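Open the model in your viewer and keep the selection tool ready. The tour goes from the whole chain to single side chains.

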Amino acid sequence: MVEPLEALAEAARAIAAGNLSVRASLTSPAPTEATQMVADFNAMAGRLEKAVDDIVTWNSLIAHELRTPVTILKGRLQGLAEGGFKPEPALLQSLQQQADALARLVEDLRVVSLLDSGRLHLRPVEIDLALEIEGVARLIERDLDKAGFSLRMTLASGRCVADPMRLRQALLALVDNAVKYAEPCVLEIATSISEAEVLISVVDSGPGMPPSLAALAFEPFRRGADLDNKSGSGLGLAVVRGIAEAHGGRVTYEGRDGRSAFTMSLPRGLA
């Protein structure tokens, strides 16, 4: 029993000193309980090392995503203050758009962080799914038209239990993803309802995602190499995944004959 305790103590001291890669090891056989204790300690140390690495990575990625809107806002406001820019409606609208993008990014970061910590709480109520989708459509139809998209809705009538605010947020994120990365097309929003679940799909005309990206698309800050020069934080689909999972559901991607379909499957939840 002495060797495992000494190995644990030595590894613990190294980790406390900042060396998170250290693991306890045994050079000779030990009782089963001691061996298991060392294995549990190493698993804990591995999770700690990963958590710290994730924090560093997240801080870097967040700083990168915040830099662009903040830099644009700062430059244009400085131009206004120094008289280089005139406070014309077009400029003020541009400033508003950057502020909106910044607010959206902060909210997306908050949702993803709450998901990772298991604290994304919902306020579910019984809703008419078709009416909720139509309400979102009224909000986005003009912006879709400006971007060259038209909207087609295929909505099944029925009721389900969901958080309407989060549902709208997820749907807007899917539509925003299509506008950013798909070719202008007829964008279809479709719903179907069964006894057990509801399906909400957003379908565009592609070009879709390569398989290597599709497997990771719902993780935060994931973008394909050919998409890095396009706007977007890489958080939208992670937000959709978080909201779907908080409802006890899931979100999937499928390429259908050159078209891209994102589908949220949520339990219907009626008593």
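Start with the whole chain. Among contacts between residues at least 6 apart in sequence, 69% join residues at least 24 apart; a contact means heavy atoms within 4.5 Å. This is a predicted model, where local features need pLDDT of at least 70, side-chain atom pairs count only at pLDDT 80 or more, and totals for chains, interfaces and linings use all residues. Residues are numbered from 1 along each chain as its sequence is written, and side-chain values use heavy atoms, with hydrogens and water left out.

**Overall fold**

Colour by secondary structure. The protein has seven helices and seven strands. These are DSSP runs numbered from the N terminus: helices are H or I with at least four residues, strands are E with at least two. From the N terminus on, the order is α-α-α-β-α-β-β-α-β-β-α-α-β-β. The radius of gyration is 24 Å, well over the 18 Å that the globule rule gives for 271 residues, so the protein is more spread out than a compact globule. That radius is taken over C-alpha atoms, and the globule rule is 2.2 Å times the number of residues to the power 0.38. Along its principal axes the C-alpha trace spans about 75 × 60 × 35 Å.

Now show the surface. The protein exposes about 15,400 Å², with carbon and sulfur atoms supplying 55% of it. Accessible areas come from the Shrake-Rupley method with a 1.4 Å probe; for residues, only the protein chains shown count as cover. Buried residues make up 38% of the 271 residues. Buried means under 20% relative accessible area, exposed over 50%, and partly exposed in between (1.4 Å probe, protein chains only).

**Helix H2**

Select residues 32-82, which form helix H2 and include Val52. Leu48, Val52 and Val56 make a nonpolar surface patch of about 230 Å². Patches are made of residues with over 30% relative accessible area and no salt bridge; like charges are joined within 9 Å, nonpolar side chains (Val, Leu, Ile, Met, Phe, Trp, Tyr) within 5 Å. Val52 counts as partly exposed because its relative accessibility is 34%.

The side chains of Glu49 and Arg23 meet in a salt bridge (2.7 Å, N to O). A salt bridge is a side-chain nitrogen of Lys or Arg within 4 Å of a carboxyl oxygen of Asp or Glu. Glu49 lies in helix H2 and Arg23 in the loop between helix H1 (2-16) and H2, so the pair ties together parts that are 26 residues apart in sequence. Glu49 is partly exposed at 23%, and Arg23 is partly exposed at 31%.

**Two further salt bridges**

How many salt bridges does a search of the whole structure find? There are five. Select Arg159 and Glu126, whose side chains meet at 2.9 Å, N to O. Arg159 is in strand S3 (residues 159-162) and Glu126 in strand S1 (residues 125-128), 33 residues apart.

Next take Arg168 and Glu132, another salt bridge with 2.9 Å, N to O. Buried or partly exposed: which is Glu132? Glu132 is buried, with a relative accessible area of 18%. Arg168 is partly exposed at 31%.

**Strand S2**

Select Thr154 in strand S2 (residues 150-154). Thr154 touches Glu188, Ile189, Ala190 and Thr191, not counting residues up to four places away in sequence.

Show Phe218, Tyr253 and Phe262, which ring pairs link into a cluster. Rings of Phe, Tyr and Trp (its six-membered ring) pair if their centres lie within 6.5 Å; planes under 30 degrees apart count as stacked, over 60 as edge-to-face and the rest as tilted. The count comes to two aromatic pairs. Phe218 and Phe262 have ring centres 6.2 Å apart and planes at 80°, so the pair is edge-to-face. Phe218 is buried at 12%, and Phe262 is buried at 4%. Tyr253 and Phe262 have ring centres 5.0 Å apart and planes at 50°, so this pair is tilted.

Finish on Ser265, in strand S7 (residues 259-267). Ser265 is buried at 5% relative accessibility. Among the residues Ser265 touches are Glu197, Gly249 and Arg250.
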